[in-house]
Amino acid sequence: MFPVLRRIWWTNPRVDGKWRIPAMVGAWLARAVGFVLIVGGCIDLNVLWLFGRSPSFAELDEPRLATATQIWSADSVLLGKIWLEDRTPVTRDQIPQSLVDALVYTEDERFFSHKGIDPLAPFAVVWSTLNGGKRGGSTLAQQLAKNLFNTRRNGGLLGHVPGLRIPIAKFREWVLATKLELLHTKDEILVLYLNTVTFGNNTWGLHSASYRYFGKLPQDLAPQEAAMLVGLLKGPSQNNPFTRPARAKARRDVVLGQMLKAGAITKNVHDSLVALPLGLEPMQSSPSLGLAPHFRDWVVSWLKDWCKEHSCDPFSDGLVVRTTIDSRMQAYAEAAIDDFMPQLQKRFNGEWAGQAPWRYKDGREIPNYLDSLARQTRRWTRLMDSLDGDTASVLKALRRKERIRVYTPKGFRDTLVSPIDSIRMTRQFLQGAMVALDPRSGAVKAWVGGIDHEFSKLDHVAGTRRSNGSTAKPFVYATALEQGMSPCDRMIDEVRTHVYQENGERKTWTPHNADWIANGDTVTLRNAMGRSLNTVTAQLIMKVGPENVAATMMRLGIKSPLKAVPSVGLGANPVTLLELAGAYQPFVNGGMRVDPWAVASVSDNKGRTLAEFRHVPTRVLTENVAWLMTHMLRGGFQEPNGTSLALYSYDVFQGGRELGGKTGTSSEHADGWYVSTTTDLVAAAWTGNDDPSLHFRSGMTGEGSRTGLPIVGRFLTRVFKDSTLPYPPEKFPPPPPGMKTKWNCPTPWPKDTLDSAATTTDSAGSFVQRILGLF
């Protein structure tokens with residue numbers, strides 16, 4: 001090669017001692033070619049590290065694109081994507097010919113005839129400039145090289161010399177474009193190009209842009225839509241169709257003109273297309289939109305941890321995550337939250353109308369509550385800086401009205417309100433969460449982490465722990481059954497003071513029932529759990545041992561720290577909604593524990609499965625005890641004054657379906673819980689304020705049967721009515737063979753209740769009549 005270059009460089013343009021014009025031009029052209037080859041070679045080889053690294057042939061052959069990771073439901077619905085660049089690659093058959101024509105005839109009209117460098121491009125640029133145009137000279141392959149390998153930022157040592165960075169980048173783009181043309185077909189270059197470029201508004205690649213602007217797949221784009229997208233390539237910000245529609249249309253029409261000029265469309269077609277409006281159908285791309293946003297956040301967190309161990313990037317490797325979520329059940333769970341929480345919020349607001357709801361446990365208002373919250377905001381910091389640290393002036397400024405974006409029951413609204421009142425408004429919003437599991441496999445079927453992801457990213461399914469109240473009681477009764485007691489054993493409903501030791505200190509504990517009434521009756525254990533009697537449950541805790549209750553809870557799936565004190569059985573320890581629902585699964589799964597799981601598989605961007613996940617069940621209860629617990633959980637529906645009776649007002653028992661359930665209410669009615677069980681579904685809900693000092697005044701408004709149960713009821717009604725879901729009406733199985741424990745001892749219903757049921761036609765009377773049919 002070097003002898004050839006030497007001959008080119010030293011070609012003598014003189015013949016017989018005289019200058020010859022053709023020879024002279026040829027000599028200078030030869031020297032120019034030689035100069036380009038030498039400089040290009042030096043840049044490509046990064047001689048003396050002067051020019052910066054160039055990509056290898058392997059990198060050029062399979063360029064790496066930052067591709068969005070996709071999160072899919074079990075029923076093949078795209079739940080969402082996570083990305084550094086919102087890119088989903090397309091293939092050649094997904095690119096309409098009209099878009100190829102628009103791109104080529106606008107950006108690189110000789111694309112199909114050159115080999116990466118268009119020798120006529122410089123002359124076309126000069127001609128365009130002289131005529132007032134702004135035509136670029138880079139071919140599609142050169143633009144691809146620039147986009148793929150960031151050539152403008154990799155100039156080596158000489159790149160820091162003023163005036164050399166751009167020439168070095170241009171030379172590198174010429175070299176890389178030539179290599180790309182050698183390694184790829186024209187169609188492959190088109191595909192790479194359209195998968196690489198940005199179309200503005202945080203869209204990367206054709207697939208993302210088609211959806212963002214027109215809500216379509218690329219193959220469904222109309223010619224004028226394809227032209228608009230191509231027009232965006234020359235200044236996505238200047239031609240933004242959302243903010244500058246006139247400029248976007250003008251640029252689109254220029255592209256259509258290029259297509260007309262090249263013969264890709266006829267004059268009649270051109271005229272009809274330029275007369276059309278942009279026809280935008282904007283589709284938002286936000287982490288808060290779409291199904292299961294809190295769940296998707298959890299998946300991202302899980303995937304980050306998984307990728308640390310498996311050397312992948314969750315944001316740019318184009319992974320495909322298959323989850324266990326069922327999109328239909330997820331939609332029903334979100335609808336249940338959306339339907340009920342505004343009603344619950346209205347109830348809460350009405351109960352505290354005109355009064356501050358932030359209270360100490362003794363009922364006194366917490367002083368300076370809003371001011372203390374204001375001090376934690378960035379607004380407080382800014383005001384303190386601007387007002388020279390004058391606290392009184394800052395507090396006064398916080399009480400002046402201004403336009404603030406405030407969350408309301410209908411979403412965020414610009415509202416004329418003082419900053420301190422905006423804190424008051426948002427602080428009083430209650431949260432609601434729900435999760436549904438398949439108890440046989442542990443698979444999560446639905447996950448709603450809050451009332452509005454944009455309002456609060458905090459996930460109340462797995463990200464927060466709250467006192468779970470009486471939903472802890474089944475673990476007490478399961479412990480008692482394991483120790484040989486039966487559902488028919490009897491205890492007295494009476495208040496007792498219990499003495500115990502905690503950290504060597506003698507303490508007493510005197511729990512009361514929720515209504516503060518203990519009538520002294522002797523009741524079965526099933527009746528006591530069905531009615532959620534604290535008095536009887538406390539006696540049982542002391543009988544079986546608080547440490548054994550805590551051990552049962554942990555064995556069945558509670559992973560949060562538990563203090564083995566008597567109140568452990570009344571839900572004093574905070575737990576997550578997810579682990580609580582998971583710990584109920586062994587009751588209806590024959591005593592087998594399967595920890596809740598939500599990710600089924602992870603694949604790479606080529607469809608190769610990287611990992612699959614399944615959880616192996618382990619036995620944590622005997623089959624007999626598990627069955628007895630399904631019988632105990634049905635007591636909330638079948639025993640007089642059972643706490644789950646309100647579920648009869650929902651259409652969930654059709655076809656003879658049997659359910660179990662347990663309510664839960666924490667101290668001061670700060671948390672409302674409900675867990676329901678069937679043979680093939682566990683559903684659990686929680687409601688409350690993020691600050692437990694904001695709570696309902698009484699059980700009449702804030703207990704679990706009035707807060708958590710309605711969410712579960714609404715969810716189950718929708719699920720059971722959907723014939724496409726695999727939940728036919730089923731009864732719990734009969735007792736296992738050889739069951740010797742006495743269990744069939746229903747408590748008689750009071751005569752006045754029977755008389756009322758016989759004469760009442762409203763829902764209360766009808767559901768009591770339905771209860772009577774269960775015996």
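How many bridges join strand β23 to strand β24? Seven bridges join β23 (residues 671-677) to β24 (residues 682-688), and the two strands run antiparallel; strands here are DSSP runs of E with at least two residues, helices are runs of H or I with at least four, and both are numbered from the N terminus, while two strands pair if DSSP finds at least two bridges between them. Within this pairing, T677 has V682 of β24 as its bridge partner.

The model is predicted, with local features requiring pLDDT of at least 70 and side-chain atom pairs counting only at pLDDT 80 or more, whereas totals for chains, interfaces and linings use all residues. Residues are numbered from 1 along each chain as its sequence is written, and side-chain values use heavy atoms, with hydrogens and water left out.

Strands β23 and β24 belong to an open sheet of five strands, ordered β11-β10-β24-β23-β22 with antiparallel pairing. Its edge strands, β11 (444-448) and β22 (660-665), each pair on one side only.

Elsewhere, strand β8 (residues 402-408) pairs with strand β9 (residues 411-417) in the antiparallel sense over seven bridges, and a hairpin joins β8 to β9 through two residues. R405 stands opposite D414 in β9.
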